[in-house]
Amino acid sequence: MPLSLKDRRVVIASLFLPQGTVYYDDDSRSTVTEDEPPQPVNKTAPLNAAKAQQTSFSFSIVEELTKAATPIASTPPVEDPAASVSTPNTQRDTIHYSAGKPGSERAITGHGYSVVRSAPRLGFLEVPHYTPWQIEPSSHGNVGLFNAVNSVGNVIQKKLWVGIVDCPTDDFPEGLRMELEMKYQTQYESLPVWIKDDEFTEFYDVYCHQVLWPTLHYAVPDAPKTRLNLYDSKSFERYKAVNLQFAEAIVSNHQDGDIIMVNDYHLMLVPQMVRERIPNATIGFFLHVTFPSSEIFRCLAARQKLLRGMLGADLIAFQTYNHMRHFRQTVHRILSLEALPKGIQLENTLFVDVTTLPMGIDLATLDQKRKDPEVEEWVTNLQQRYAGVKLIVGRDKLDEVQGVRQKVLAFETLLDRHPEFRGKVVLFQIALSTTSENENMASDALSTAISRINARFSNLSYTPVVLLHTSEVLFREYASTRSGTDQGQNDFMQLNFNQYLALLTVADAFMVTSLREGMALRTHEFIQCQEQRKRPLILSEFTGSSSFIGFRSCFVVNPYDARQTADAMAAALTISDDEAASRWNEMHKHVVSQTAQAFVTSFLIRTLRAHAEHTQRPFDTIPILPPLTDDSDVVQELRNSKKRLILFGIENTLVQHDPKTTRDLSFSVPQEVLDLLQRLSEDERNVIYLLSSRPVAGALEKVADALPYVGIVAEDGCYIKAKANKGETTEFVSLVGNMSMQWKEPCIEILNYFTERTPGSFIEERGASIRWRYWPGNPDDSELPWARRQAAEAQNHIWDSLGEKFDVTCTVLHKFNME
């Protein structure tokens, strides 16, 4: 099958659907019939006079920049009794939504039913809207992925998104679900997965965000604090159940030729689940976040199940080389599988490709948004307001691993160590709302730091730190058709995307101080918006972006070192225009070469190629011949053939032996076997080769002397003695003569260490290889698990120290050998 995306459907499994927010209405004026499409939501329209007084305000960045830092703690909105008044149902297909204060119960009526809803999932739907149910862009999906896929619409002609709806769905009647499914599939190429609300909470808020997320970002959850969450199986069983529902949805809608793209840490079990049900499926898995070292990942109780789930894919891709290397080492150490530079060799002869594919942004759409007149208007306003003042801009989720607090503390150090910047530099921090659990953990210390800095250095005309605590919904996508800001929650200072682009355009530096992060794509946005000014970037060394050669020209900082970070900020603010332009040009080359389009097409093509290579292997298993008789087809063909190639394995084929008692020189081939081979070699039609993993010296030299007309392959192909013609002789020839053997001495030192710790184990040194017999005892012995663990540790050490340096392959074989 040709490696082409044409006429193939791409199935994208991501936790949230791109269009996943379902809105409800309590105003009968918005009722529609089945044939009338819902009208766009006007999310800023007041409900009545009382509600207008509560929620309607005109936000201005220029006005807010003159105020002190915005406190993070939110103030509960005033309860509006009038907001809970519902309107009689006048249309059969109209769904009404009755809302009170945030957190109260909500009632949905329609189709003759009335149900009570709990507070929306993740804080959605905090206010009512003047529409029947609608499908709008999801505010909690993977923005980078959605933009990337949408940017290659000319390449992907057919696609299907598989994900959940980002609001509570337990009380959705079957009729409503059917309506939604029809609308999703016909208008949005999407397939909703219906997850129970309590199951979603245990899956998302507990296991994904309290266990997986911190662990993948090098912040192992505190056991006493999380108690059952990290070590109890309940939350993982919820995680497994949700992954199974995704897998079943993919399988039930599978079509021949589909390319299945599974995304991120929420769905790590899905590839293997799909593989078990569709063995020949084309599956790729992409991890958008970081992958930690094996020492961190091994802390997870479900570590083996998570790794096995990922290994169900044909291709596993990561953002950076370090993430990929950590994954290979983790599989090495935990599963004792062979990790090669190209991927992972599984026990059942299957292979999984592992690679790096960094994401990028859609430059064309971003440039189109930058041309919006509103962007230029905000640029002018900001330049006038901050004439003579330098702006350092940052945009991060309000999460501990994003390092916002470290950024603020470094800025305080800058003002302490460089008094000349006081009154001359403003840190403008955009803090995107995240889950309440993570946000609460990060908000208190950050709020305290900002308040202290502003109290120390502000005056009537100067506020050093300006914090905009805003909703991520406003950064949903570049091509969004929603032009206004969301005034639905007055505990957020709202910022739309045009205002954000204006900030990037006028910024004198952009700063990312993440403690761990994959690709910081917001840095790409900043670089593209700086085409005219070409100002510098300050970037944490713990982001994936900093590992690419194109970003070597940014100011790389260690966010844990406040002084070093402050010095980098001072250098970025005082850099000359020529040097800034030179640095910007280097970074811009990477941004324009590693785009969203390049990421999507490369991932899909490489998934197809990996699947084709895996399925084109000639043999998965070697067929076993039935008992031979004179009438057998094999016997008849053998008799009638003019030339025959016959291959014999020596160990455990011609000779049964115990490696513990038949080491090297003590190993020998019985005379009756030699006599049989001699008779076969005398037939000129027979070309006979013996295959062995043993070294040349010793037993194989004796076999060569006894059978001069039989070819021998030693050390699994490292040495070969060709079959000699009558009256001639041949010698063993090394096929690895040009390879350096400098790796052998340090490798033996490592194996000696593990031999001392593993009872009964021993080392067999060969000409071009080393074999470690780590368990020559009984397979049922209770000490075997210890020996296996030692083999995995030894394999990991050899790979780390020698594997890539000398291109050494270290394989844990069956029969308790490591070579």
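**Ground rules.** I worked on a predicted model, in which local features need pLDDT of at least 70 and side-chain atom pairs count only at pLDDT 80 or more, while totals for chains, interfaces and linings use all residues. Residues are numbered from 1 along each chain as its sequence is written, and side-chain values use heavy atoms, with hydrogens and water left out.

**Salt bridges.** I searched the whole structure for salt bridges (a side-chain nitrogen of Lys or Arg within 4 Å of a carboxyl oxygen of Asp or Glu) and noted 31 of them.

I looked up Asp 314 and Arg 275, whose closest N and O atoms are 3.0 Å apart in a salt bridge. Asp 314 sits in the loop between α11 (303–310) and β11 (315–318) and Arg 275 in helix α9 (residues 270–277), so this pair ties together parts that are 39 residues apart in sequence. I took helices (H or I, at least four residues) and strands (E, at least two) as DSSP runs, numbered from the N terminus. For burial I used relative accessible area with a 1.4 Å probe and protein chains only: buried is under 20%, exposed is over 50%, and partly exposed is in between. Asp 314 is buried at 5%, and Arg 275 is buried at 16%.

I then noted the salt bridge between Asp 353 and Lys 342, at 2.6 Å from N to O. This pair links distant parts of the chain, eleven residues apart, with Asp 353 in strand β14 (residues 351–356) and Lys 342 in the loop between β12 (338–340) and β13 (343–345). Here Asp 353 is buried, with a relative accessible area of 9%, whereas Lys 342 is partly exposed at 41%.

My next entry is the salt bridge of Lys 407 with Asp 396, at 2.7 Å from N to O. Lys 407 belongs to helix α15 (residues 404–417) and Asp 396 to strand β15 (residues 390–397), eleven residues apart. Lys 407 is buried at 0% relative accessible area, and Asp 396 is buried at 1%. Through salt bridges that share partners, Asp 396, Lys 407, Glu 517 and Arg 522 are joined into one network.

I traced an open sheet of five strands in the order β21-β22-β23-β24-β25, with mixed pairing; two strands pair if DSSP finds at least two bridges between them. Its edge strands, each pairing on one side only, are β21 (644–649) and β25 (732–734). From one strand to the next the twist averages 20 degrees. I found β21 and β22 paired in the parallel sense over six bridges.

Helix α24 (residues 696–706) lies across β22, β23 (711–714), β24 (719–721) and β25, running at about 170 degrees to β23; the axes are lines fitted to C-alpha atoms, for helices over the stretch in contact (heavy atoms within 4.5 Å), and angles run from 0 to 180 degrees between N-to-C directions. Among the buried residues of α24 I noted Val 696, Leu 700 and Val 703, and the cover over the buried residues of this helix includes α23 (671–681).

**Leu 691.** I placed Leu 691 in strand β22 (residues 686–691), where Leu 691 is the bridge partner of Gly 649. Leu 691 is partly exposed, with a relative accessible area of 36%.
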